[in-house]
Amino acid sequence: MNPTLLAHADLDFNAPMSDARAEELIAALAPLNSAEVVDLGCGWAELLLRLLEAEPSATGIGIDTTGEELSRGRHNAEIRGVAERARFVQSDAGSWDGTADVVISVGSSHAWGGTRQALEAIRPRLRHGGRLLFGEAFRETTPMPDDLGVDLSLADLVELTEECGFRMLRLATASTDEWDSFESRWCGALEKWLLNNPTAAGREEVRALADEHRTGWLRGYRGALGFAYLVLTPGS
Ligand SMILES: C[S@@+](CC[C@H](N)C(=O)[O-])C[C@H]1O[C@@H](n2cnc3c(N)ncnc32)[C@H](O)[C@@H]1O
């Protein structure tokens with residue numbers, strides 16, 4: 001039993017993203033016909049799978065270091081009938097040196113060591129007319145808990161993408177409802193496991209993780225931490 005994987009059990013995305021947001025972002029990435037899409041730090045690649053469902057001529061590669069999350073993605077790809085167009089690779093996203101029409105990086109910039117490093121590494125990997133969906137945290141309010149290590153405001157983040165050679169096609173930010181759904185489902189999956197496993201080993205660890213996460217969210221970053229979804233294209 002891995003408590004962190006357990007906490008992901010009830011999540012659709014490992015990010016504060018609703019179904020409507022996913023649909024909106026996939027539409028914003030158009031045109032997707034025959035597009036080769038790479039999702040870096042894909043987790044179980046839910047957004048990539050929805051994109052492949054929406055565009056039957058697109059193909060996708062999901063790259064992540066966590067084998068269990070990739071297995072969930074492979075399984076879902078089979079169930080959803082897109083497995084022939086989806087490949088999953090267990091690897092460091094920061095070492096990816098291919099090219100793509102569309103790159104997705106949602107909550108994975110740490111794979112390159114930070115926001116700027118991610119943007120600088122991904123830009124030359126986009127083919128002509130390519131698009132990047134970049135999902136990244138930003139500082140919604142000042143002050144906010146320092147230990148989150150998020151320095152950029154939303155304006156800072158967008159300006160940084162420009163400094164790194166991108167132009168912005170679309171901006172969306174996670175709503176309070178998206179955040180609350182994400183964080184409460186994260187904690188709720190652990191609570192359900194505790195209810196259903198009254199004598200299991202590891203209960204103390206699971207309860208402590210749920211308590212720590214809930215407190216960090218409700219007494220810490222709720223309302224202070226933002227999450228942006230930027231659709232970017234290399235500037236000419
Ligand atoms: C916050 S999750 C986001 C997952 C997914 N993009 C989503 O939105 O559902 C970050 C993911 O990055 C992965 N990850 C962390 N370091 C990585 C690395 N160096 N290379 C590839 N993936 C990495 C983690 O395993 C995790 O699945």
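Okay, a definition to start: helices here are DSSP runs of H or I with at least four residues, strands are runs of E with at least two, and both are numbered from the N terminus. On that basis, the chain has eight helices and seven strands.

Keep in mind that this is a predicted model, where local features need pLDDT of at least 70, side-chain atom pairs count only at pLDDT 80 or more, and totals for chains, interfaces and linings use all residues. Residues are numbered from 1 along each chain as its sequence is written.

So, overall dimensions. The C-alpha atoms fill a box of roughly 60 × 45 × 30 Å along the principal axes.

Now for a pair of helices. H7 covers residues 176-196, H8 covers 203-221, and they pack at an angle of about 160 degrees with their axes 10 Å apart. Those axes are lines fitted to C-alpha atoms over the stretch in contact, and angles run from 0 to 180 degrees between N-to-C directions. H7 and H8 are therefore roughly antiparallel, a label for angles over 145 degrees.

Who touches whom? Contact is C-beta atoms, placed from the backbone, within 7 Å. On the H7 side we have, among them, Trp 186, Leu 190 and Trp 193, and H8 brings residues including Val 206, Leu 209 and Trp 217. The residues of this contact divide into nine nonpolar, one polar and five charged. Nonpolar is Ala, Val, Leu, Ile, Met, Phe, Trp, Tyr, Cys and Pro; charged is Asp, Glu, Lys and Arg; the others, Gly among them, are polar.

Last stop, the loop between H2 and S1, where Pro 31 sits. The Ala 30 to Pro 31 peptide bond is cis, with omega near 5 degrees.

Key: Angles under 35 degrees count as roughly parallel, over 145 as roughly antiparallel, 65 to 115 as roughly perpendicular and the rest as oblique. Two residues are in contact if their C-beta atoms, placed from the backbone, lie within 7 Å.
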